[in-house]
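This report describes selected local features of the model shown below.

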Amino acid sequence: MTGDTLLSVEGIGKSYPGVRANDDVSFRIGAGEVHALLGENGAGKSTLVKMIYGLVKPDVGRMMLRGKAYAPAEPRAARSSGVAMVFQHFSLFEALNVAENVALGMDNPPPMRELSGRIREVSEGYGLPLDPARLVGDLSAGERQRVEIVRCLLQSPKLFIMDEPTSVLTPQEVEILFRTLRQLAAEGTSILYISHKLEEIRALCDAATILRRGKVVGSLVPKDVSAREMAEMMVGATLNAPARAAGKQGPVALRVTGLSVPSPSAFGTSLKDVGFEVRQGEVLGIGGVAGNGQDELLAALSGEIRTGRDVVQVHGRGIGDVGPNERRRDGICTAPEERLGHAAAPDMSLMENALLSGSVRKHLTKKGFIDWHGTRAFAEEVVKTFDVRTPGIGTAARALSGGNLQKFVLGREILQEPEIIIVNQPTWGVDAAAAAFIRQRLLDRAAAGAAVVVISQDIDEIMEIADRFAALNEGRLSEPVPTQGLTIDQIGLMLGGAHGMHEAEAHHAGA
Amino acid sequence: MLVLEKRPTPSKGWAWGTPFLAVALTMIAGGAMFALLGKDPVEAIRTIFWDPLFNAQFASYSRPQLLVKAAPLILIAIGLSLGFRAGIWNIGAEGQYIMGAVFGAAAGLALYPAETRWIFPLMIVAGAFGGFLWAMIPAILKTKFRTNEILVSLLLVYVAENILASMALGALRNPEGGGFPGSRNLSQWPAAANKELIAGTGLHWGVVAAVIAVIAAYVLLQRHILGFQIKLSGQAPRAARFAGVKPETLVVLCMGLSGALAGLAGVFEVAGPAGQISIDFNQGYGFTAIIVAFLGRLHPVGILLAGLLMALTYIGGELAQFMLGLPSAAIQAFQGMLLFFLLAVDVLSNYRIRLASFGREAR
């Protein structure tokens, strides 16, 4: 499959003030090859693909595309050379239909009727059926990704770059995407694939280049090594898989019954009769594609959304009608998904951000006056224990990389030693080593007798740490089932919201 | 080509440096304007900034005026800055200032001509209450009906002005004033007078209150959880809710506090420098205080300095009108430039300017 070299990158470097994003990076992609780009957060993967796509210009080094010098000044130049890219965040207009969105992304779109026909043809040809007339606002995340992919495919690219494409997909959708990508590769299109999910890379990719701190530290054939070996090359250290102590489960710590709340935001998802229980020492994993009510569920548990008193109960006592600080006093700590602006204030220092949610449980105020010494100590403890890479605790939260801030936020909540901890996407954007560490600390909390709720899109994560699994789909929660013995297919059906689940849930709630 | 590059962390140095740069730029642009008006720019700038303080002829009058004018500006601006930090925009401090004066004066005059030392404290409480009450209207409308506090508080200024006029002509009119509008002169009634505490300095109780407000606001913002919540709400409202801040409570608190402080400024003015309730009692302190609050970076110490600077441009401006025949509109334009440049150079604290050549990617 890997014949001639399509793209070769030779000695490329790029610096930003204070950071060497890429340093003497060289690698090559063969025609028809699926090539993975691996690395921790901040290893320089994004900078590298942005240079290939013409969004960023390298300081030094050169690139060759099909034997000719290649230096795209802008994405349009990259596209006309046959390089296409699907970003992690979609650039689609919800109020326009599929064909219109595709046309907007093209440099010279054909007439609409012809385009619709081509969309239908291409999307079905690659096993990604799309109706060109549907509004994008009505599509699921997986279908939106198809729009982006089809938009690229219409321009018959020679090199197709995908940045973390599977983070929004259910397992079934991932399978479909992989079939499409394999078909493309078989037709001679090269694919540059960025992902954190090592098993996916092993299943899909022919070759991989591993970056660490802006440098290439190795290249390998993913099928020949284990996911663990790859992860260790990425971080340059040995990894330990989270150890699950065979914990004893205590009485029910958190009980939610009949939780129905309208979403506070216009594009949010309302919760519909959500109910579950978590025992002391138990980890409940709540899976589901983002936007199915995860934010609303977290807000209802943190106290940002208030409900009837007995809808949320801690140790049998209703707390649904009190705010976040009262709930913290009762032992509930939460970590929202959105780090900047929700879990942390972007322009405030880490010290101030430690105070933000830590003031109650860490007793950082006395008669309303802030104990800055105690706050400093707490912030330093979080930074040290969770290996948050920062110049100091006086640094503004927005100056930290996403993964580092995530470590800080999770550390802040975990170190408050909550009796009940609810986290939304705890390891989103965090590298493998830090993710393993965070999961271990969550398991440690459970072992210490806390009830843990992990809301995550990452099924592997849930399977790794959760005792029971429930799926959140369009604001409805399936009945939790033990994770042991659960197959990926069953999970996929639950995430897709198979109808039996709703009935079972209605029964359960009524009983 | 110049490009703006976002700083990873806001620059502390520029946050403090920009006000000085803004003052310097105002002097240059203002000087140019004065030159175009046919005046000597150096002399005009000197008359505005130097003469009120150090000219042997004028300083004895101007120096006390500095405190008299700065005190209400600082008092009001401190209150406004708390709300502004939380993203609550009280634009109607002028109205709250008027209502403070009316309430305070009315409370005192109700007891006329009693001579007890409790009258002045009572007036202060009544004045603060009046301002508080007037600020509660937009606050409650905002929390209950989600109205816009900017519009409501601003429009209530004009309502307050009409109440002031009606008081000056009706209920509070001096019965011994021969039918002229305006109340009895409070500053000549010892029990109610806001006296000059040290003769020849302009120091009155309003100045004392302003200094206390500066210190209290500083402590609140640096050391108290409430100050933290105020800052948090302004910077990241969602994070504030996550931190357990109740937005409604904060609106009521910030509006109430800024209203009460504006009311205090009003009562100190009516019992001291102004002396009486009259139709044209208010002179725009409530609006100028908005400039002072921003000029001082919404920081208590900054506001203290900005209030003094603003008072200086007022006094110096009057002097320049009187001495050089500069039109008052030119002085107002000069003060406007100050705010304009301040907001314009503000960009430096969050961005750095870099020289970039064409064709190179800019980030």
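## Helix α5 of chain B

In the predicted model, helix α5(B) is mostly covered, with 15 of its 18 residues buried (buried: under 20% relative accessible area; exposed: over 50%; partly exposed in between; 1.4 Å probe, protein chains only). From first to last C-alpha, α5(B) reaches 25 Å, close to the 26 Å expected for 18 residues at 1.5 Å a residue; the expected span is 1.5 Å times one less than the number of residues. Helices (H or I, at least four residues) and strands (E, at least two) are DSSP runs numbered from the N terminus.

The loop between α5 (93–110) and α6 (119–145) of chain B contains B:P113. A cis peptide bond, with omega about 5°, joins B:Y112 to B:P113.

## Basis of the values

Residues are numbered from 1 along each chain as its sequence is written, while chains are lettered from A and ligands numbered from 1 in the order in which they are written. The model is predicted, so local features need pLDDT of at least 70 and side-chain atom pairs count only at pLDDT 80 or more, whereas totals for chains, interfaces and linings use all residues; side-chain values use heavy atoms, with hydrogens and water left out.

## Helix pairs

Two packed helices are described by the angle between their axes and the distance between the axes. In chain A, the axes of α11 (residues 350–358) and α12 (residues 372–385) come within 8 Å and cross at roughly 100°. Axes are lines fitted to C-alpha atoms, for helices over the stretch in contact, and angles run from 0 to 180 degrees between N-to-C directions. Helix α11(A) is therefore roughly perpendicular to α12(A) (65 to 115 degrees; under 35 counts as roughly parallel, over 145 as roughly antiparallel and the rest as oblique). Contact (heavy atoms within 4.5 Å) involves residues including A:L350 and A:M351 of α11(A) and A:W372 and A:F378 of α12(A). The residues of this contact comprise 8 nonpolar, 2 polar and 2 charged; Ala, Val, Leu, Ile, Met, Phe, Trp, Tyr, Cys and Pro count as nonpolar, Asp, Glu, Lys and Arg as charged, and the others, Gly among them, as polar.

In chain B, α8 (residues 205–223) and α9 (residues 225–235) have axes that come within 5 Å and cross at roughly 75°, which means that α8(B) is roughly perpendicular to α9(B). B:L220, B:L221 and B:R223 of α8(B) meet B:I225, B:L226, B:G227, B:I230 and B:K231 of α9(B). This contact has 5 nonpolar, 1 polar and 2 charged residues.

## Helix α14 of chain A

The 16 residues of α14(A) (residues 432–447) should span 22 Å at 1.5 Å a residue, in agreement with the 22 Å between its end C-alpha atoms. Its buried residues include A:I438, A:R439, A:L442, A:L443 and A:R445. The buried residues pack against β13 (283–287), α13 (402–414), β19 (420–424), β20 (451–456) and α15 (459–465) of chain A. After α14(A) comes A:G449, with a positive phi near 100°.

## Positive phi outside glycine

A:D24, in strand β2 (residues 19–30) of chain A, has a positive phi near 50° although the residue is not glycine. A:D24 counts as exposed because its relative accessibility is 53%.

B:R146 lies in the loop between α6 and α7 (149–169) of chain B. Its phi, near 55°, is likewise positive in a residue other than glycine, and B:R146 is exposed at 77% relative accessibility.

## Cysteines

The whole structure has 0 disulfides over all chains, a disulfide being a pair of cysteine sulfur atoms within 2.5 Å. For A:C152, the nearest cysteine sulfur is that of A:C205, 17 Å away. A:C152 is buried at 8% relative accessibility, and A:C205 is buried with a relative accessible area of 0%.
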